[in-house]
Amino acid sequence: MLNIVLFGPPGAGKGTQSERLKSKYGLVHISTGDVFRALDPESDLAKLAKSYSDKGNLVPDDITIEILEAEVLKHPDAKGVIYDGFPRTTAQAEALDNFLAKKGTSVSVMLSLVVPEDELKTRLIERAKVSGRPDDADPEIIQNRINTYNNSTAPVAEFYRGQNKLSEINGVGTINDISERLYAAIDKN
Ligand code: AMP
């Protein structure tokens, strides 16, 4: 199985590039952010997740891991999965390793999109015009999401570096250029 962790701060282009990787390699795309946003808004789980995401904070690990595992299990015949926005903590990365090991597979590669902070902020403000996401529209929430990434999520790259699975990709350029860089990194595996 080709299991790709597509990693990077908010606004790095994970969603856009996931769509391209999905069609090129025939993979299932799982974005935990999308899964949270697609929950029945009246459900307790959706309300709980929104209480964190609206502020730009991470949803607790136990809930997120359960949601992710349930989503993967919906695709028993997948030839591979793109994990977009997961794992975001080292505890989530360990849980993913254990979960995949039980399925007799493992993470193939972590592709980490590297984009400077100023560029992220510009992209998120632009995205707010079309995404309708409250967490894209407010500069303070954007800053909190970036801080949360730097403090809690960036260490996950080191986790995969320790497994020799980290591939850092320049996330600045045209969408096509960035896709080509990602394809090259995947095809090396
Ligand atoms: P995203 O669509 O990836 O930007 O995620 C939007 C929001 O969903 C995040 O700011 C978090 O509140 C929540 N979220 C998504 N993925 C995770 C995750 N792996 N761990 C914790 N919270 C998450």
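The model is predicted, so local features need pLDDT of at least 70 and side-chain atom pairs count only at pLDDT 80 or more, while totals for chains, interfaces and linings use all residues. Residues are numbered from 1 along each chain as its sequence is written, and side-chain values use heavy atoms, leaving out hydrogens and water.

Begin at helix α5, residues 90-102. Helices here are DSSP runs of H or I with at least four residues, strands are runs of E with at least two, and both are numbered from the N terminus. The 13 residues of α5 should span 18 Å at 1.5 Å a residue, and the end C-alpha atoms are 19 Å apart, which agrees; the expected span is 1.5 Å times one less than the number of residues.

Now look at which α5 residues are buried: Gln92, Ala93, Ala95, Leu96, Phe99 and Leu100. They lie on the same side of α5, because they cover an arc of only 160 degrees around the axis, taken from the directions from the helix axis to the C-beta atoms. Asn98, Ala101 and Lys102, on the other side of α5, are exposed. Buried means under 20% relative accessible area, exposed over 50%, and partly exposed in between, using a 1.4 Å probe and protein chains only. The cover over the buried residues of α5 includes β1 (2-7), α4 (61-73), β3 (80-84) and α9 (155-161).

Next comes the ligand. It is surrounded by 15 residues, the closest being Thr32, Arg37, Asn57, Gly85 and Arg88; a residue counts if one of its heavy atoms lies within 4 Å. Helix α2 (residues 32-38) gives the largest share of this shell, 4 residues. A backbone N or O atom of Gly85 lies 2.9 Å from a nitrogen atom of the ligand, and a polar side-chain atom of Arg133 is 3.0 Å from a ligand oxygen.

Finally, visit the loops. Asn164, in the loop between α9 and β5 (166-170), has a positive phi near 60 degrees. Most residues other than glycine have a negative phi, and most peptide bonds are trans.

Technical notes:
Contact means heavy atoms within 4.5 Å. A polar contact is a pair of N or O atoms within 3.5 Å; within protein, one must be able to donate a hydrogen and the other to accept it, and residues adjacent in sequence count only if both atoms are side-chain atoms.
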